[in-house]
Amino acid sequence: MQADLKWLDDPQTYRVNQLPAHSDHRYYRSVAEVQAQQSSFVQSLDGTWRFAFAQTPSERPVGFEQPDYDHHDFNEIQVPGHIELAGYGQLHYTNTLYPWEGKAYRRPAYTLGDTTGMPGMFSQGADNTVGAYLKAFTLNPELQGHRVVIQFDGVEEAMYLWLNGHFIGYAEDSFSQSEFDLTPYLQAGKNLLAVEVFKRSTAAFLEDQDFFRFSGIFRSVRLVAQPTVHVNDLTIRANVLDDLTTGDFNLRLKLNDDAAQAQAQVRVMLQTDDHVVIDQTLPVKAEVHVDHVSVPNVHLWDHQDPFLYQLRLEVLDATGKILEVIPYGVGFRRVELKDKVMQLNGHRIILNGVNRHEWDAKRGRSVTLADMRYDLQVFEAHHINAVRTCHYPDQIIWYYLCDQNGIYMMAENNLETHGTWQKMGAVEPSDNVPGSLPQWQGAVLDRARSNYQAFKNHPAILFWSLGNESYAGDDIAAMDKYYHDHDQTRLTHYEGVCRNRVYQDRISDMESMMYDPPKAIREYLDHDPQKPFVNCEYMHDMGNSLGGMNSYTDLIDQYPMYQGGFIWDYIDQALLIDDEVTGRPVLRYGGDFDDRHSDYEFSGDGLLFADRTPKPALQEVSYYYGKYDR
C-alpha cells in the first residue's frame, strides 16, 4: 500500500494499518523491572529529530522518507513538542470559529447536499502546513528478535509513517495513542523512521476545541517489543455487590495469536500489602477469563480513601520462565444511578470539579510529569475532587495519578465541532458534523473506542463523556450506545443534547448544562426531572470573576439531584514569551501573535495563570469546595 494525500480530505479514512486500541497496561521483563518502573521492552525515541517545514502540501519534500534522499538541509527539532513553538508556522488561538474562517471557504464533506466528498480541501490547502520528521535508530539488544511496535502518544493532526522507505500507516486522532507494527521492515543496524505531519485534515472539523491550534509530535514516542506470548489487552471489572462490602473481581485477557500454541501459563495475583486475595495459575489460550471471584470485606476506593489492590500478571513459558509481568492498580467501587441520583459506593456523588486543559506556559500542550504532580497538589490543597478531561484524552500517566490520588474523572473523547453548528452565537446546524451523517459516524465511533479501550480499567473514571459542543444526532447517539454496550459500570455524559432534545432519551445519563444560572437549575429540579443535574462548565473564571459561587453550592444542600460540576477552567492558556522591547518574559494570550481573528483573552479564564501561579479566585473555590469535600 502507498500513502495517499486524498486521505486528508476523506472523513471515512481515519486510520490505515493502525493496531486496534487496547488497554493502557505496561509490561516488564521481570518483577525487578516492575519495582524499578523501568521496562527493558521499551526504547524511547524522545529527543532530537531531524526536521523540515513546508508552508503547503505542494511545497513539502516529496520522497524524504527514502534513506537515499538528500537530507542535508533538514534542521533539528525536539520531540515531544509543537512545531509552532519551535519557531515554524503561525501561533494561533481561536475559540469557536475554525481557523480558516474568513480566509478560505470550507464546509465539511457530505454536508449541505455535497456528494463529492470535497476533494482537495486539505490535500491542496494553502494553509495546511507540513512537518517532515526523521529519526535514525538502532534497535536496543533487548528488543531484537521480538515483534516491535511503535507508539505515538499524540500527534496533531494527521500523520503518515514510514520505516526504511516502506509505508507503515496513517492516523488522525490527535490525542489518542496510535500504534503500528514495524516488525516486517526492521533491519539490523541503523533504521530510518519518517513521519509526515499535516496540520489539517477532515479531523480538523472534529477538533475545534477552544485552544491554541498547534501541530506536530507533541507527546512521547517509543518502540515496544512484545515477547512470544503477550497480553494484548486486559479488562478489569472490580465490581461491588449490593451489600457494599463484597467485591466481585473479574478479569479478561486477550493474548497474541501465538499464545495458544505456546503451552504457556498465566499467573494471576491480586493482593494488598498484607493479604493475598487471588493467586491462580491458568493455561494460556486466545482469551483467559477469571470470573466472579468474591472479595469479602472489600476495601472500597473513593476520593477520601483511594485504596488500590495490586494486580500482577505473570506470563510463564512451558518451563516456568517469566516472559512478561504486568502490574495494575485495582480499585473496587460501585457507580450507579439510584432514585435518579448518581451514587458512588452507596453515597451521593458531589463533584467539586474543574475542567483541565493540558497546558504548560513554555511547552503548550506538551505537559510534563512535574506539571501533573503540581496540579494534583493544587487539587488536594483546595478541595478539588474531580476533573473533566476537556476536550480530549490526556496523557496516559494522568489517569494513573488520578487513580492514586482519588480524583473522580469525566473522561472525554477527542471531539468538538463547535463551528459547524454555532455561527456568530446563533444555533445554525445546517453543516453540523457528525450529525446523523453515515460518512462521519465511523470516525467518531473510533474515537469513542480508543478512549474506552485505553482507559477502561481506571477506577478514577466514573463517567465517559462523548465530547463537547458538537450538537446532537444519530452519530453521537451511536457513541453513547457504544459505551453502554461495553461498560455497565459507568455513566455517560454529553451536554450538547440540550441543543437537540429529540435525542435526550438516547444520549447522556445526566442533564448537563453550561453556565446555567442557579435560577434555571432550580426550575429544572423543581419539576420532577428524569435525570440528575451536573454543571459540566460553570463559574467561567475570566478576569476578576468567580464571585457568587455560593449560589451554586447552596443547591447541594437543597436538591439531592444536583451533583455539583466542573469550573471553567483550571489553567489559563497563555505562552511565556520574551518581550521584544524589554526582553523580559511575559505571558501572551490569544491575539498577541498577529493571529487575527481571535477571541483574545478568552484563553485566559483559569484558576491559575499559565505559569501555574494561583489567582485570587482559587481562594473562593477552596472555601466553598471545602464545605463539600467528602
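Reader: How many nonpolar, polar and charged residues are in the lining of the largest cavity?

Author: Start with the idea. Rolling a probe the size of a water molecule over the atoms shows where empty space is left. A cavity is a set of points, on a 1 Å grid over the protein atoms alone, where a 1.4 Å probe fits but cannot get out; lining residues have an atom within 4 Å of a point. Now the case. The lining of the largest cavity has 8 nonpolar, 7 polar and 6 charged residues. Asp, Glu, Lys and Arg count as charged; Ala, Val, Leu, Ile, Met, Phe, Trp, Tyr, Cys and Pro are nonpolar; the others, Gly among them, are polar.

Reader: What kind of model is this?

Author: This is a predicted model: local features need pLDDT of at least 70, side-chain atom pairs count only at pLDDT 80 or more, and totals for chains, interfaces and linings use all residues. Residues are numbered from 1 along each chain as its sequence is written, while side-chain values use heavy atoms, with hydrogens and water left out.

Reader: Back to the largest cavity. How much space lies in it, and which residues lie nearest its centre?

Author: About 210 Å³ of space lies there. A volume is the space filled by probe spheres set on grid points, joined across faces, edges and corners. Of 21 lining residues, His22, Ser176, Gln177, Ser450 and Ala454 lie nearest the centre. Helix α5 (residues 438–455) gives the most to this lining, with 3 residues. Helices (H or I, at least four residues) and strands (E, at least two) are DSSP runs, numbered from the N terminus. In total, the structure holds 7 cavities of 30 Å³ or more.

Reader: What is the volume of the second largest pocket?

Author: A pocket is an open set of points, with protein on both sides within 12 Å along at least five of seven lines. The second largest pocket has a volume of about 390 Å³. It is lined by 25 residues, and Asn95, Thr96, His418, Gln422 and Phe602 are the closest to its centre. By class, this lining has 7 nonpolar, 11 polar and 7 charged residues.

Reader: Next, strands. Which residues of β9 sit on each side?

Author: In a regular strand the side chains alternate between the two faces of the sheet. In β9, Ala158, Tyr160 and Trp162 lie on one side, and Met159, Leu161 and Leu163 on the other. Both faces are covered. In β9 (residues 158–163), 6 of 6 residues are buried. Buried means under 20% relative accessible area, exposed over 50%, and partly exposed in between (1.4 Å probe, protein chains only).

Reader: Which strands do bridges join to β9?

Author: Two strands pair if DSSP finds at least two bridges between them. β9 runs antiparallel to β12 (residues 190–198), with 6 bridges. There, Tyr160 has Glu196 as its bridge partner. β9 also runs antiparallel to β10 (residues 166–171), with 5 bridges. Leu163 stands opposite His166 in β10. β9 and β10 form a hairpin with 2 residues between them. In the turn, Asn164 has a positive phi of about 50°.

Reader: Last, salt bridges. How many are there by the rule?

Author: Side chains of opposite charge can pair when their charged atoms come close. The rule asks for a side-chain nitrogen of Lys or Arg within 4 Å of a carboxyl oxygen of Asp or Glu. The count comes to 38 salt bridges. In one of them, Asp233 meets Lys456, with the closest N and O atoms 2.8 Å apart. Asp233 is in strand β16 (residues 231–240) and Lys456 in the loop between α5 and β31 (461–465), so the pair ties together parts 223 residues apart in sequence. Both Asp233 and Lys456 are buried.

Reader: Is Lys423, the partner of Asp431, buried or partly exposed?

Author: Lys423 is partly exposed, with a relative accessible area of 23%. Asp431 is buried, at 4%. Their closest N and O atoms are 2.4 Å apart. Salt bridges with shared partners join Glu101, Arg107, Lys423, Glu428 and Asp431 into one network.
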